[in-house]
Each structure stands twice: as structure tokens, then as C-alpha cells.
Amino acid sequence: MTDTPTAIEPLLARLCGGEITDKDYIGYFMNEHGEQLVFAQRRGQKTARLWHSDADWEMLHVGDHSIRLDGPLDGMITVAGLIINREEATWLSSCLSASRHLRQGSA
């Protein structure tokens, strides 16, 4: 057994098909339905990248004001046009908050 931990970035990159490196702040979430979400924020970029297995791993760009509570149905939560549940929104909000310093000062 090795003392060096396995890097999570290549595993998440393979999972979602996105470019994720050790230069990214990353987050991973699995909801109660087994759907998976991956978040990556690179220093200096004005938006983060979000992938959701229920959206065929399409990459979405998200930022501090991307989570919306004004969907077509009362109480619907969306991000970049994708409907998400409250738990996913809470996780995403935490990822955005924790990586905000990486977006500051970006063009």
C-alpha cells in the first residue's frame, strides 16, 4: 500500500468528461436518486464549470448569481436553465461560496 493518496481530479474528469486538473477547486455530490454532480473552479476564471449526470454531463458555466428561484413553477430552483433540487442548490451554493476568492479579480 502506498502513502500517496490517489488524486481525485482525474477520476472526476473521467466521470464527467470535463477538463479538471489539480489547479481547480472541485466538488462532488450525489443526490438521493444517484445522480452525480461535479463542480470545478479555476483561479482567475469568472465562472465555474458544473456537470450533472441527469443533463448528460453537459458542461454549464455558473457563477455567484446563477442559482435562481424564479422557475416556471412556484418554488422551482434552476441553475443555467437546469432544474435542480434544494439539496443540489445548497451544495452548489457552498461550492460557489468556497471558491469565490478564485473568481475575484478575474476579467
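**Cores, sheet and helices in a predicted model**

Trainee: In this predicted model, which residues of the largest nonpolar core touch the most other members?

Mentor: The largest nonpolar core of the predicted model has 17 residues. Nonpolar side chains in soluble globular proteins tend to be buried together. Within this core, the residues that touch the most other members are Phe39, Leu50, Val62, Val79, Trp91 and Leu92.

Trainee: Which element supplies the largest share of this core?

Mentor: At least two residues of the core come from each of strand S2 (36-42), S3, strand S4 (60-62), strand S6 (77-79), strand S7 (82-84) and helix H2 (86-98). The largest share amounts to five residues, and the element that supplies them is H2.

Trainee: Which residues does Trp91 contact, leaving aside its neighbours within four places in sequence?

Mentor: Trp91 is one of the core residues that touch the most other members. With its neighbours within four places in sequence left aside, the contacts of Trp91 are Gly27, Tyr28, Phe29, Leu37, Val38, Phe39 and Leu50.

Trainee: In what order do the four strands of the open sheet lie, and which are the edge strands?

Mentor: The four strands are paired antiparallel, in the order S1-S2-S3-S4. Four bridges join S2 to S3, and Phe39 stands opposite Leu50 in S3. Because each of them pairs on one side only, the edge strands are S1 and S4.

Trainee: What angle does the direction of H2 make with that of S1?

Mentor: H1 lies across S1, S2 and S3, and runs at about 60° to S1. H2 packs on the sheet, where it touches S1, S2, S3 and S4, and its direction makes with that of S1 an angle of about 170°.

Trainee: Why are the buried residues of H1 on the same side of the helix?

Mentor: In helix H1 (residues 8-16), the buried residues are Glu9, Leu12, Ala13 and Cys16. An α-helix has 3.6 residues a turn, so residues three or four places apart point the same way. What covers the buried residues of H1 includes strand S1 (24-30), S2 and S3.

Trainee: Is His52 buried or exposed, and which side chain does its own join in a polar contact of 3.0 Å?

Mentor: His52 belongs to strand S3 (residues 48-52). The relative accessibility of His52 is 2%, under the 20% cut-off, so this residue counts as buried. Not counting residues up to four places away in sequence, His52 touches residues including Trp57, Leu82 and Glu88. The side chain that a polar contact of 3.0 Å joins to that of His52 is the side chain of Glu88.

Key:
Residues are numbered from 1 along each chain as its sequence is written. This is a predicted model: local features need pLDDT of at least 70, side-chain atom pairs count only at pLDDT 80 or more; totals for chains, interfaces and linings use all residues. Side-chain values use heavy atoms; hydrogens and water are left out. Buried means under 20% relative accessible area, exposed over 50%, partly exposed in between (1.4 Å probe, protein chains only). A polar contact is a pair of N or O atoms within 3.5 Å; within protein, one must be able to donate a hydrogen and the other to accept it, and residues adjacent in sequence count only if both atoms are side-chain atoms. Contact means heavy atoms within 4.5 Å. A nonpolar core is a set of buried Ala, Val, Leu, Ile, Met, Phe, Trp, Tyr and Cys residues joined through side-chain atoms within 4.5 Å. Two strands pair if DSSP finds at least two bridges between them. Axes are lines fitted to C-alpha atoms, for helices over the stretch in contact, and angles run from 0 to 180 degrees between N-to-C directions.
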